[in-house]
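User: I am new to this structure. Can you take me through what its labels rest on?

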Amino acid sequence: MDSAPGSFAQPDSFPSPFPFVLVLLRRMADHQPGLVEDALRELGFGRAVMREANRRWQAMQRSPRRRSAVARYRSVLGPPESTATRRIGDLTCEALSWSVPLWPDLRFEVLTAPNGAVWNEWLVRAPGAPGPRLRTAADLRPWSCTVDEVARAFAPARPMEGSAPTRWRLAFDAPEAENGELRHYVAEFTWGLLQRMEDVRPASPTA
């Protein structure tokens, strides 16, 4: 039987941080159901509770009395662990980050514009946490790396439109571990975390 610890069973509660982790997992279950099942067992939740957490999150987003996106995150996750000013091109934004259970080396980051609009919502590597060594296609395992880490490791990577909200796709060339042959891949990320990748075709030989 599906059950949830603590106050999440109360009908009017949406405490942090576990239910939001379930929101993240609900999207990832489309590509990695096995990993999500393992994560649910580790957290002590069932699939029905994951679906309910996602339903409540969607209801918060669609409510006619809905708060701003940042206010919603603060209400669910509490005060951010850190805030920082960041320059992206000619624009200045604020980066708010929260730690989340299940991924201690990652942080959930929200980038906001000066007017408070949310530009990005994704998982990033925590400051000071060692990232994965990404040298070949074999190093790209699901949930092992973030979209910015893959883009840096296999530059120049080409961003592509995602298949749904909170999803990103990235096209890049990466060498095979066995023979070093370059091949062309398209990787899909959910909430910024690698979910799967497809070997599209051999990369064009360099001149």
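Analyst: Start with surface. Accessible areas come from the Shrake-Rupley method with a 1.4 Å probe. By that method, the chain has about 11200 Å² of accessible surface. Carbon and sulfur atoms account for 50% of it. Note that this is a predicted model.

User: What elements does the chain have, and in which order do they run?

Analyst: The chain holds 5 helices and 8 strands. From the N terminus the order is α-α-α-α-β-β-β-β-α-β-β-β-β.

User: How many of the residues count as buried, and what makes a residue buried?

Analyst: Buried means under 20% relative accessible area. Of the 207 residues in the chain, 44% count as buried.

User: Why is I88 called partly exposed?

Analyst: The relative accessible area of I88 is 40%. Buried would need under 20%, and exposed over 50%. The 40% of I88 lies in between, so I88 is partly exposed. I88 sits in strand β1, residues 82-88.

User: What makes I88, L91 and W119 a patch?

Analyst: Nonpolar side chains are joined into a patch within 5 Å, provided each residue has over 30% relative accessible area and no salt bridge. I88, at 40%, clears the area cut-off. I88, L91 and W119 form a nonpolar patch on the surface, with about 280 Å² of accessible area together.

User: How do you know that β5 and β6 pair?

Analyst: Pairing takes at least two bridges. Strand β5 (residues 158-160) and strand β6 (residues 167-175) are joined by 3 bridges, so they pair. They run antiparallel. M160 stands opposite R169 in β6. Their hairpin has 6 residues between the strands, and T166 takes a positive phi near 70°.

User: What joins β6 to β7?

Analyst: 9 bridges do, and at least two are needed, so these strands pair as well. β7 covers residues 182-190 and runs antiparallel to β6. L170 has A187 in β7 as its bridge partner. This hairpin also has 6 residues between its strands. In the turn, G180 has a positive phi of about 75°.

User: Why is E176 said to have no salt bridge?

Analyst: A salt bridge needs a side-chain nitrogen of Lys or Arg within 4 Å of a carboxyl oxygen of Asp or Glu. For E176, the nearest side chain of opposite charge is R183, 4.8 Å away. That is beyond the cut-off, so E176 has none.

User: Where does E176 lie, and which residues does E176 touch?

Analyst: E176 lies in the loop between β6 and β7. Leaving out residues up to four places away in sequence, E176 touches T136, A137, E181, R183 and Y185.

Terms used. Residues numbered from 1 in each chain as written. Predicted model: local features only at pLDDT ≥ 70, side-chain atom pairs only at ≥ 80, totals over all residues. Heavy atoms only, no water. Helix = DSSP H or I, 4+ residues; strand = E, 2+ residues; numbered from the N terminus. Buried < 20%, exposed > 50% of the residue type's maximum accessible area, 1.4 Å probe, protein only. Patch = residues over 30% accessible without salt bridge, like charges linked within 9 Å, V, L, I, M, F, W, Y side chains within 5 Å. Lys, Arg positive; Asp, Glu negative; His and termini not counted. Contact = heavy atoms within 4.5 Å.
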